[in-house]
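Colleague: Can you take me through how the helices pack in this one? I'd like to go piece by piece.

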Amino acid sequence: MRDVQDGKRFRQLQARYDDLVIVMHSDGAVLSKSTSKKLYLMFTQCLNVPLGLRLPIWFLHTIWAGSELPKDREPFLMELVRQIQLSQRENENFAPVCWSDCEGVTHESQILLHSYVADTPERSAVSGQLSHSAKQSCMYCLQIGVCINHRICFAFKPNAVLKTHDKLQEAASVWETMNTKQRQIALKEHLTFGMKRPTVLSQIEGFDLVEGFVLDIMHQFDEGVTKYLLGQLCEQDSVLRLPKTKIQQINEQWMSVVIPGHHNRPPRDILEYKRMKAHELRFFMQHAAPFVLRNILPENVYKVFCHASRVIWLCTKESITTTDINELRTQCHDFLKSFESLLWNLRDEIFCPLDAAYSIRG
Ligand SMILES: [Zn+2]
């Protein structure tokens with residue numbers, strides 16, 4: 001959601017018309033299914049070109065291969081940071097990107113980093129923030145979770161205090177003055193604003209350590225919220241504990257769903273939800289849930305699924321308007337409220353990823 005908001009990040013960057021504004025992307029990959037060798041890849045995309053040209057072109061600038069992903073990402077980021085710093089006008093060794101336009105005019109451009117696209121695990125590896133399973137796992141707020149039944153759980157607080165770039169910078173400068181022992185204590189007592197260690201990305205002028213990272217719908221919603229809610233429908237030890245006949249009824253409806261253009265393979269049995277790929281989970285929640293669960297679930301449970309379905313529908317539209325964002329805010333709020341009142345004893349980590357809707361500012 002945050003990468004498509006309203007051009008706020010662009011305004012923050014105060015770019016000149018010929019400055020190059022880039023997006024970074026990094027992730028692990030496998031070489032082929034027959035080997036366990038891992039690849040680590042980094043790409044850059046230039047935002048100054050029209051969307052049609054931008055989408056198919058990703059510049060691959062780093063490839064690393066090994067039996068494991070690199071434990072420390074900082075060495076990979078250092079060269080990137082150095083080059084961006086050199087290109088910036090206030091640098092005493094100013095080394096801009098020089099290029100000529102179609103009229104032969106030469107330009108000297110600085111490079112500005114707009115945002116960093118990384119999935120949830122990769123994001124915590126590059127951003128210096130604690131991982132998604134930590135008590136301060138939320139990328140946008142400072143709420144501290146509690147551990148219940150081996151899960152980190154968050155109460156629903158619509159007005160949780162938000163993280164800011166300045167707070168993280170402040171935490172990083174305090175970190176530099178501490179010894180190892182003090183750092184361990186600060187982490188244990190949650191005094192670092194969710195920071196695990198300072199990141200080299202903080203040295204890039206204009207890059208916002210909070211707003212610069214985008215949401216990861218696949219891990220947080222599809223494999224988080226949707227999978228969890230499917231577990232509630234299917235498992236006998238869940239809070240809902242649906243009778244087997246009802247699960248069967250839901251499954252029959254589910255197997256009957258066909259939407260033109262989406263029918264690549266027959267849907268998997270609902271009881272096999274743990275093996276579903278993210279796109280199958282997305283399809284269930286986005287298109288099927290309000291239909292297959294209607295008149296089967298009690299009204300208060302059905303409502304939870306309807307709100308979740310509307311949320312994912314609105315988040316993943318190709319073009320999102322201000323009206324959509326306002327509705328999204330209301331839907332997230334209603335989803336969380338109905339979820340909490342239903343599953344009050346199971347405060348879950350699914351609360352936090354969603355409060356991103358509250359953090360849309362500007
Ligand atoms: Zn949060």
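Colleague: Start with α7 and α10. Is their crossing left-handed or right-handed?

Modeller: The crossing of α7 and α10 is left-handed. Keep in mind that this is a predicted model.

Colleague: At what angle do α7 and α10 pack?

Modeller: About 165°, and the axes of α7 and α10 are 12 Å apart. Angles over 145 degrees count as roughly antiparallel, so α7 is roughly antiparallel to α10.

Colleague: Which residues make the contact?

Modeller: On the α7 side they are Ile-217, Phe-221, Val-225 and Leu-229. From α10 come Phe-305, Ala-308, Ile-312 and Cys-315.

Colleague: OK, now α9 and α10. At what angle do their axes cross?

Modeller: Helix α9 covers residues 278-292 and helix α10 covers residues 299-315; their axes cross at roughly 125° and come within 8 Å. That angle makes α9 oblique to α10. The crossing of α9 past α10 is left-handed.

Colleague: And which residues meet there?

Modeller: Arg-282, Met-285, Gln-286, Ala-289 and Pro-290 are the ones in α9. They meet Phe-305, Cys-306, Ala-308, Ser-309, Ile-312 and Trp-313 in α10. By class, the contact of α9 with α10 has eight nonpolar, two polar and one charged residues.

Colleague: What about the largest nonpolar core? Which residues touch the most other members?

Modeller: Ala-289, Ala-308, Val-311 and Phe-335 do, out of the 32 residues in that core. At least two residues of this core come from each of α7 (217-234), α9, α10 and α11 (322-342). α10 gives the largest share, eight residues.

Colleague: Take Val-311, then. What is it in contact with, leaving aside neighbours within four places in sequence?

Modeller: Val-311 is in contact with Leu-328, Gln-331, Cys-332 and Phe-335. There is also a second, separate core, of 30 residues, with Leu-80, Ile-111, Leu-113 and Leu-201 among them.

Key:
Residues are numbered from 1 along each chain as its sequence is written. This is a predicted model: local features need pLDDT of at least 70, side-chain atom pairs count only at pLDDT 80 or more; totals for chains, interfaces and linings use all residues. Axes are lines fitted to C-alpha atoms, for helices over the stretch in contact, and angles run from 0 to 180 degrees between N-to-C directions. Helices (H or I, at least four residues) and strands (E, at least two) are DSSP runs, numbered from the N terminus. Angles under 35 degrees count as roughly parallel, over 145 as roughly antiparallel, 65 to 115 as roughly perpendicular and the rest as oblique. A crossing is left-handed if the near helix is turned anticlockwise from the far one by less than a right angle, and right-handed if clockwise. Two residues are in contact if their C-beta atoms, placed from the backbone, lie within 7 Å. Ala, Val, Leu, Ile, Met, Phe, Trp, Tyr, Cys and Pro count as nonpolar, Asp, Glu, Lys and Arg as charged, and the others, Gly among them, as polar. A nonpolar core is a set of buried Ala, Val, Leu, Ile, Met, Phe, Trp, Tyr and Cys residues joined through C-beta atoms within 7 Å. A residue is buried if 20 or more other C-beta atoms lie within 10 Å of its own, exposed if 12 or fewer, and partly exposed in between; C-beta atoms are placed from the backbone.
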